[in-house]
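Please keep the model open while reading the points.

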Amino acid sequence: DWADIEFGITEGVDCIALSFVKDANDIKSLKTYLSRRSLEHIKIFAKIESLESLKNLKGIVEASDGVMVARGDLGVQVPLEQIPAIQEAIVELCRNLNKPVIVASQLLESMVEYPTPTRAEVADVSEAVRQYADAIMLSAESAIGAFPEKALSVLRAASERMESWSREENMQRHLPQYQLAIALPDRISEQICTSAVEMANNLAVDAIFVYTKHGHMASLLSRNRPNPPIFAFTDDANTRKSMNLYWGVIPLQLPLSNSMDDNFKQTIKLLKSKGSVKPGDSVLVVADSDLNQPCAATSSVYQSIQVRLVD
């Protein structure tokens with residue numbers, strides 16, 4: 001295992017999915033090893049696929065950078081009829097604790113051999129999306145399957161349809177929110193992001209913009225599963241890559257200044273050129289408090305919510 005980890009480090013991987021995690025110590029041990037190598041940017045995902053991991057689930061989730069529900073091996077150790085409820089519980093816990101969660105294994109298993117999935121498989125994919133998993137992952141379908149691109153196309157179509165239905169039904173209103181933060185500045189950030197998502201949904205804005213150094217406020221916005229897309233702007237390459245796994249977040253890397261007006265003008269110009277926003281669109285703007293502000297007194301200005309119209 002350590003040789004495999006060294007190979008991954010040499011190849012410049014962004015994250016390591018740790019198999020058969022028993023408890024939080026497994027995660028902490030690898031994180032300590034990576035920190036000694038000054039490689040804290042490599043994310044550690046815990047694969048939940050054993051009885052031991054279920055018994056210590058909360059501690060594992062808290063210690064990890066994210067979680068993978070590895071249903072193939074989990075189904076060997078747990079009665080099959082329990083897997084759907086276990087999957088939902090894991091996804092909900094990860095959302096509550098603000099950790100990205102991937103549902104993996106056997107989503108479209110029949111497409112390893114056949115060009116179309118079963119109706120039950122499409123329902124399985126849709127259920128993972130309905131549960132608000134951050135990501136769903138193909139395994140054998142794309143690794144050894146005869147129709148990898150078609151499997152991906154089916155996965156995308158089923159996911160987008162379920163997401164559209166959730167927005168039409170305004171399912172976000174039914175999501176309970178749990179306070180994670182303890183320190184006052186963190187509690188303020190958390191409340192601002194929760195309020196921002198509520199405003200974005202109620203005002204039916206076309207997009208949410210968040211300017212972030214480390215991606216924390218982008219993750220808090222994502223945790224609330226808003227209706228409009230979240231465009232997250234950062235000047236840090238590792239932050240941009242890590243935000244790809246957050247639900248509903250489209251991360252973009254570009255230089256950021258201390259001027260919110262300059263940042264907004266720059267990002268509006270960029271997204272207009274991509275066709276992501278157009279004149280007349282409304283945008284809700286949130287900014288991190290960690291954008292290297294010159295003094296503490298100005299940070300409160302950045303802990304705010306603005307709604308702007310695109311010219």
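How far is the sulfur of Cys15 from the closest cysteine sulfur?

1. **Cysteines.** The distance is 15 Å, and the closest cysteine sulfur belongs to Cys94. This is a predicted model. A disulfide is a covalent bond between the sulfur atoms of two cysteines. The cut-off for one here is 2.5 Å between the sulfur atoms, so Cys15 and Cys94 are too far apart for a bond. The count of disulfides is zero. Seen from the other end, Cys94 is in no disulfide, and its nearest cysteine sulfur is that of Cys15. Their surroundings can be stated too. Cys15 is partly exposed, at 39% relative accessibility. Cys94 is buried, at 0%.

2. **The record.** The unreviewed UniProt entry lists residues 1-151 as "domain: Pyruvate kinase barrel". Over residues 1-151 the chain is 50% helix and 15% strand. The end C-alpha atoms of this stretch are 31 Å apart.

3. **Nonpolar cores.** In soluble globular proteins, nonpolar side chains tend to be buried together. The largest nonpolar core in this model has 44 residues. Which of them touch the most other members? They are Ile90, Val103, Leu108 and Ile136. Take Ile90 as a place to look. Beyond its neighbours within four places in sequence, Ile90 is in contact with Ile48, Leu54, Leu57, Val67, Val69 and Val101. A second, separate core holds 19 residues, among them Leu221, Ile230, Tyr246 and Val286.

4. **A tilted ring pair.** A pair of aromatic rings is described by the distance of the centres and the angle of the planes. The model has six aromatic pairs. In one of them, the ring centres of Trp2 and Tyr33 are 4.7 Å apart. Their planes stand at 55°, so this pair is tilted. Trp2 lies in helix α1 (residues 2-10) and Tyr33 in helix α2 (residues 24-36). The pair therefore ties together parts that are 31 residues apart in sequence. Trp2 is partly exposed, with a relative accessible area of 44%. Tyr33 is also partly exposed, at 23%.

5. **An edge-to-face pair.** Phe209 and Phe231 have ring centres 6.0 Å apart. Their planes are at 80°, so the pair is edge-to-face. Phe209 belongs to strand β6 (residues 207-211), and Phe231 to strand β7 (residues 230-234). This pair ties together parts that are 22 residues apart in sequence. Are Phe209 and Phe231 buried or exposed? Both are buried.

6. **The aromatic cluster.** Phe209 and Phe231 are in one aromatic cluster with Tyr211, Phe233 and Phe264.

7. **Glu92.** This residue is found in helix α6 (residues 83-96). Glu92 is partly exposed, with a relative accessible area of 38%. Along the chain, Glu92 and Pro176 are 84 residues apart. Their C-alpha atoms are separated by 9.9 Å.

8. **Ser105.** Where is Ser105 placed? Ser105 is in the loop between β4 (101-104) and α7 (119-130). Although in a loop, Ser105 counts as buried, at 15% relative accessibility. Apart from neighbours within four places in sequence, its contacts are Ala70, Arg71, Gly72, Met137 and Ser139.

Key:
Residues are numbered from 1 along each chain as its sequence is written. This is a predicted model: local features need pLDDT of at least 70, side-chain atom pairs count only at pLDDT 80 or more; totals for chains, interfaces and linings use all residues. Side-chain values use heavy atoms; hydrogens and water are left out. A nonpolar core is a set of buried Ala, Val, Leu, Ile, Met, Phe, Trp, Tyr and Cys residues joined through side-chain atoms within 4.5 Å. Buried means under 20% relative accessible area, exposed over 50%, partly exposed in between (1.4 Å probe, protein chains only). Contact means heavy atoms within 4.5 Å. UniProt positions are given in the numbering used here, feature names are shortened, and annotations may be inferred rather than shown by experiment. Helices (H or I, at least four residues) and strands (E, at least two) are DSSP runs, numbered from the N terminus. Rings of Phe, Tyr and Trp (its six-membered ring) pair if their centres lie within 6.5 Å; planes under 30 degrees apart count as stacked, over 60 as edge-to-face and the rest as tilted.
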